[in-house]
Amino acid sequence: LGAPHWRAEVRGVIAGLSHNVTRAHIVRAALEAMAHQISDLQTAYDADGCNWQMLRLDGGMSSNDFVAQDIADVVNLNVERPHDVETTALGAAMLAAVGCGLYPDLKAAAVMRGGITTFAPDMPQPERTARLTLWRDIIDRSLQ
C-alpha cells in the first residue's frame, strides 16, 4: 500500500464478492481504487495545509474517460487532462524548442501544450461519502 500509507507489507484485497461478480466488476473496482488512492493523497495534502484547487492528469491511464471522471467525482474537484497525455515527452520537446531558440522561454513554448479536456465532479455527495467510507474501512482493516 503506497502513498500516503507507505505499508509495503499490505497486500491487495478484493472485498464484497458474490456469485454475480464478473470480470467487468473486478476491472471497474481496480479503476475505482485509483480514485480512492488519489483521495487518500488529497486528504494527506489537506492535513499539511495544502488544499488542492484542481487536479491535472497525464499518462496513458488518464486517457480513459471513466478514470478521469471517476477521479473528479471522488476528489470533488475539476480534473484537467491534456489532449496529448504523454506530457513527459512534451516537456522534453518544449525544453528543446527553447534550447534551440524556437521559443524565447518556457512560457512562450507552452503553446505546444495544446488543448485540455476538463472533467467536472458530478457525483452526489451521499454516493461519494459511501464509497470513501467503505474504502477507508477496508484500508483500516488491512492496516491492522
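Biologist: Which helices each supply at least two residues of the lining of the largest pocket?

Modeller: In this predicted model, those helices are α1 (23–47) and α5 (125–143). The largest share, nine residues, comes from α1.

Biologist: What is known of the space in the largest pocket, and which residues are closest to its centre?

Modeller: The space amounts to about 830 Å³. The lining has 28 residues, and Val13, Ala15, Ala29, Trp135 and Ile138 are the closest to the centre.

Biologist: How do the residues of that lining divide into nonpolar, polar and charged?

Modeller: The lining holds 16 nonpolar, seven polar and five charged residues.

Biologist: Why is Ser62 called buried?

Modeller: The relative accessible area of Ser62 is 4%. Buried means under 20%, so Ser62 is buried. Ser62 lies in the loop between β1 (55–56) and α2 (65–75).

Biologist: What makes the pair formed by Ser62 and the backbone oxygen of Gly59 a polar contact?

Modeller: A polar atom of the Ser62 side chain lies 2.6 Å from that oxygen of Gly59.

Biologist: Which members of the largest nonpolar core touch the most other members?

Modeller: Of its 16 residues, these are Ile38, Leu55, Leu57, Ile71 and Val79. Both α1 and α2 supply at least two residues of this core, and the largest share, six residues, comes from α2.

Conventions: Residues numbered from 1 in each chain as written. Predicted model: local features only at pLDDT ≥ 70, side-chain atom pairs only at ≥ 80, totals over all residues. Heavy atoms only, no water. 1 Å grid on protein atoms, 1.4 Å probe; cavity = no way out; pocket = protein on both sides within 12 Å on 5 of 7 lines; lining within 4 Å. Points joined across faces, edges and corners; volume = space filled by probe spheres on them. Helix = DSSP H or I, 4+ residues; strand = E, 2+ residues; numbered from the N terminus. Nonpolar A, V, L, I, M, F, W, Y, C, P; charged D, E, K, R; others polar. Buried < 20%, exposed > 50% of the residue type's maximum accessible area, 1.4 Å probe, protein only. Polar contact = N/O pair within 3.5 Å; in protein donor to acceptor, adjacent residues only side chain to side chain. Core = buried A, V, L, I, M, F, W, Y, C linked by side-chain atoms within 4.5 Å.
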